[in-house]
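Me: Hi! Could you walk me through this structure, one topic at a time?

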Amino acid sequence: MEGAGEKPPESSSAVPRPEEPRFPGAEVWPHEESGGCARPPETAPKKLCGYLSKFGGKGPIRGWKSRWFFYDDRKCHLYYSRTAHDANPLDSIDLSGAVFDCKADAEEGTFEIKTPSRVITLKATSKQVMLYWLQQLQMKRWEFHNGPPVPPATPAGNQPAVHLQLEPEEAELEEFLCPVKTPTGLVGVAAAWEPVPTMPLALQNISLKHLGTEIQNTMCNIRGNKQAQGAGPGPQEEDSPWSGEPQREEQPVPPDPSTPGKEPEDSPKSTPKCSRTANFIQKAKRQNATFPLFPEGLARSRVSQEKTAALEQQVLVLTKELRSQKDDMEAYRTQNRFLNSEIHQVTKIWRKAAEKERALLMKCAYLQAKNCQVESKYLAGLRQLQEAVGSEAGECSELLRQLTQEALQWEAGEAAATSVGLSPISEYDEYGFLTVPDYEVEDLKLLAKIQALEVRSHHLLAHEAVERPLRERWAALGELAPSAELKQLLRGGVPREHRPRVWAWLVHRRIQTLQAPGRYQELLSRGQAGQHPAARQIELDLNRTFPNNKHFTCPTSDFPDKLRRVLLAFSWQNPTIGYCQGLNRLAAIALLILNEEESAFWCLVAIVETIMPADYYSKTLVASQVDQRVLQDLLAEKLPRLMAHLWQHHVDLSLITFNWFLVVFTDSLISDILLRVWDAFLYEGIKVVFRYALAIFKYNEKEILRLQDSLEIYQYLRFFTKTICNSRKLMNIAFNDMNPFPMRQLRQLRVAHRERLEAELRELERLKAEYLETQAGQGRRTPPEACASEDEGDGEA
């Protein structure tokens with residue numbers, strides 16, 4: 001349509017304008033408000049808009065529908081409506097997470113926009129228009145992800161349009177696909193003055209899915225037309241693009257289907273060859289008619305002419321096939337270049353998004369860690385005020401009581417309800433232990449929550465700086481083999497995803513000479529044949545195993561049954577020990593990590609029979625008592641001030657530390673620190689327990705030295721291990737501050753203390769034997785009649 005974008009004549013300026021083209025997210029233009037003149041499209045800012053065919057609909061009206069598309073820079077959305085003059089868009093396509101695709105074997109001009117929720121199929125009028133749209137959509141998506149936030153659109157003519165410096169990306173895309181020139185009159189604002197592409201049926205172009213929007217747009221258009229007709233006395237010019245004439249029904253002549261990708265104007269090029277062939281055949285017929293006296297020559301001439309015509313026809317067919325193949329090759333080459341550019345850009349966008357996500361997660365972790373620290377300090381302050389005020393009556397104590405109750409109120413559902421992956425506290429840790437144990441004493445509840453907050457804070461702060469590099473080192477380690485590097489990695493802690501594999505290797509390394517195929521099943525079958533004497537004690541201890549762990553307290557969990565079978569199998573494996581209190585917790589930890597009964601059984605065997613001394617779990621617990629004396633010697637050497645303080649107040653540390661060694665801290669440390677201890681313990685042995693026992697007292701030395709009463713010291717030592725939350729600090733104390741720590745010294749101390757202990761036990765046995773001999777020599781005395789038991793009576797009431 002010629003002159004579609006020109007200004008209307010001056011005579012029509014007094015006539016109100018019909019409905020102007022609408023662009024969601026932008027000002028209404030291309031008309032200027034001054035003088036009532038239309039703004040020429042060539043002076044307007046470049047906008048990505050135009051008519052495309054969209055495939056959609058249902059039932060009989062399913063097919064291609066003409067739609068006006070317009071891109072919104074602020075939201076990275078591609079809006080579409082039925083015409084450029086509709087007041088409201090029908091819908092929009094989010095391009096921020098979309099990818100674009102074009103298929104060489106599809107209909108010319110067809111391409112797809114694939115979003116996470118749907119696939120939109122569009123069709124342009126030509127291949128050039130399709131490539132223009134695809135390249136522009138790629139650049140708009142890149143601007144949205146890489147450029148600064150787009151400011152609100154300003155009225156046209158006030159300020160120049162914002163231009164983003166994207167030359168490097170454009171240059172990279174040019175390596176894949178040359179930039180396509182803007183198709184004149186087919187895209188941009190100029191396309192709004194073009195007639196709306198007509199469809200075979202008027203109803204087919206209506207969107208029933210957005211029927212409400214269609215009705216609103218129709219009413220707006222009717223009101224605009226009525227105002228335009230009633231305001232001006234003269235009729236509008238016939239060639240005006242805004243007149244109420246029906247759309248032209250003429251459609252462009254479709255290209256020859258035998259030559260895909262060929263423009264309509266190229267079709268006449270094959271006509272001269274066909275006409276020459278026809279003329280040649282007619283001429284040959286005329287020549288044959290002039291020589292009727294030579295039939296043989298005429299027959300030969302006719303045959304040669306027919307062969308020539310057949311060959312020319314074959315040449316035409318082959319030429320068409322060659323041209324078609326060339327077009328196909330060019331189409332596939334274009335598709336390949338575009339898809340390479342799409343993969344290149346999407347990969348860069350994905351990498352940038354991953355970097356942004358990582359940075360935001362780090363920031364979120366830091367802020368949550370700070371929040372945990374603030375809340376922890378608040379709770380600690382509450383506790384100190386509570387101790388200072390005591391039971392004094394008054395508003396202050398009542399306020400403290402209310403604040404403490406509010407601080408202790410904690411709903412487990414809060415952590416599960418939040419959509420953020422990082423939550424300050426969750427009810428259970430990754431191994432099923434309660435992060436905030438439900439103690440009966442309010443003071444202990446407050447301490448437990450303070451400890452949980454501090455643990456979470458340290459974990460969040462150390463995640464990126466320490467945990468992530470450690471995970472990368474473990475991932476690159478490959479096959480496990482004893483080495484200095486593995487020793488350092490185990491001391492630092494094994495990541496959760498690698499821990500089952502590492503523990504299985506550590507256990508196998510220790511029991512490979514003891515392990516036999518089918519041994520565990522054999523022991524289980526022996527238990528089924530007859531009951532072991534320790535079965536009753538095992539059954540009693542099952543209900544006492546980790547009351548703060550959901551895997552052993554949930555009625556539907558299968559962990560208690562697994563633990564029962566593991567302990568019964570061990571009682572048959574080692575009859576000299578059978579069962580000792582504490583073995584249930586060792587086996588339970590092995591089950592939580594290894595998750596298989598047989599693996600947990602061999603882990604228990606490795607600890608009892610290869611790591612610990614032979615009589616560590618015997619009835620006399622001789623080796624356990626020896627280690628308690630060795631620990632006190634090491635404490636006197638490494639922490640002399642602390643030991644002097646404890647001796648001054650007559651504190652017997654073995655009442656606290658005996659259980660540490662017997663169950664390897666399973667009842668004392670939080671799970672995060674406990675499992676790091678076990679990582680090194682399974683590799684290095686018992687000296688790791690000594691190192692961590694010393695480190696625990698060093699970690700809390702200042703707090704213990706402040707206490708000046710034996711009762712207060714015992715009360716503090718009952719739960720002080722639960723206040724340890726910084727696993728990195730504790731590890732550095734154990735393996736750095738406690739050095740030197742030669743195993744030779746440990747063996748010498750054990751030998752010396754074992755001799756003394758055995759001498760004491762022999763002396764005790766001698767005194768016991770003397771007492772029994774004395775009692776036997778004097779004869780057994782009968783109790784006085786007044787002291788007789790009621791059961792010894794004659795049954796009288």
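Reply: Happy to! Ala535, Ile538, Glu539 and Leu542 of H12 touch Pro560, Leu563, Arg564, Leu567 and Leu568 of H14, where contact means heavy atoms within 4.5 Å. Helices here are DSSP runs (H or I) of at least four residues, strands (E) are runs of at least two, and both are numbered from the N terminus.

Me: What classes do the residues in that contact of H12 with H14 fall into?

Reply: There are 7 nonpolar, no polar and 2 charged residues. Ala, Val, Leu, Ile, Met, Phe, Trp, Tyr, Cys and Pro count as nonpolar, Asp, Glu, Lys and Arg as charged, and the others, Gly among them, as polar.

Me: At what angle do H12 and H14 pack?

Reply: Helix H12 (residues 535-542) and helix H14 (residues 559-573) pack at about 150°, and their axes are 10 Å apart. H12 is therefore roughly antiparallel to H14. Axes are lines fitted to C-alpha atoms, for helices over the stretch in contact, and angles run from 0 to 180 degrees between N-to-C directions. Angles under 35 degrees count as roughly parallel, over 145 as roughly antiparallel, 65 to 115 as roughly perpendicular and the rest as oblique.

Me: Before we go on, where does the model come from?

Reply: It is a predicted model, in which local features need pLDDT of at least 70 and side-chain atom pairs count only at pLDDT 80 or more, while totals for chains, interfaces and linings use all residues. Residues are numbered from 1 along each chain as its sequence is written, and side-chain values use heavy atoms, with hydrogens and water left out.

Me: Thanks. How do H20 and H24 cross?

Reply: The axes of helix H20 (residues 671-684) and helix H24 (residues 727-737) come within 10 Å and cross at roughly 30°. So H20 is roughly parallel to H24. In that contact, 4 residues are nonpolar, 1 is polar and 4 are charged.

Me: Which residues meet there, between H20 and H24?

Reply: From H20 they are Asp672, Ile673, Arg676, Ala680 and Glu684, and from H24 they are Ser727, Arg728, Leu730 and Phe735.

Me: New topic: is His753 buried or exposed?

Reply: His753 is buried, at a relative accessible area of 9%. Buried means under 20%, exposed over 50% and partly exposed in between (1.4 Å probe, protein chains only). His753 sits in helix H25 (residues 743-778). Leaving aside residues up to four places away in sequence, His753 touches Val626, Arg629, Val630 and Asp633.

Me: What about the peptide bond from Asn739 to Pro740?

Reply: That bond is cis, with omega near 0°. Pro740 lies in the loop between H24 and H25.

Me: And which phi does Cys76 have?

Reply: Cys76 has a positive phi of about 55°, although it is not a glycine. Cys76 is in the loop between strand E2 (63-72) and strand E3 (77-81), and is buried, with a relative accessible area of 0%.

Me: Where is Asn595?

Reply: Asn595 is in the loop between helix H15 (583-594) and helix H16 (597-611). Asn595 also has a positive phi, about 70°, and is not a glycine. Asn595 is partly exposed, with a relative accessible area of 42%.

Me: Last one: how many helices and strands does the protein have?

Reply: The protein has 25 helices and 7 strands. Buried residues make up 40% of its 797 residues.
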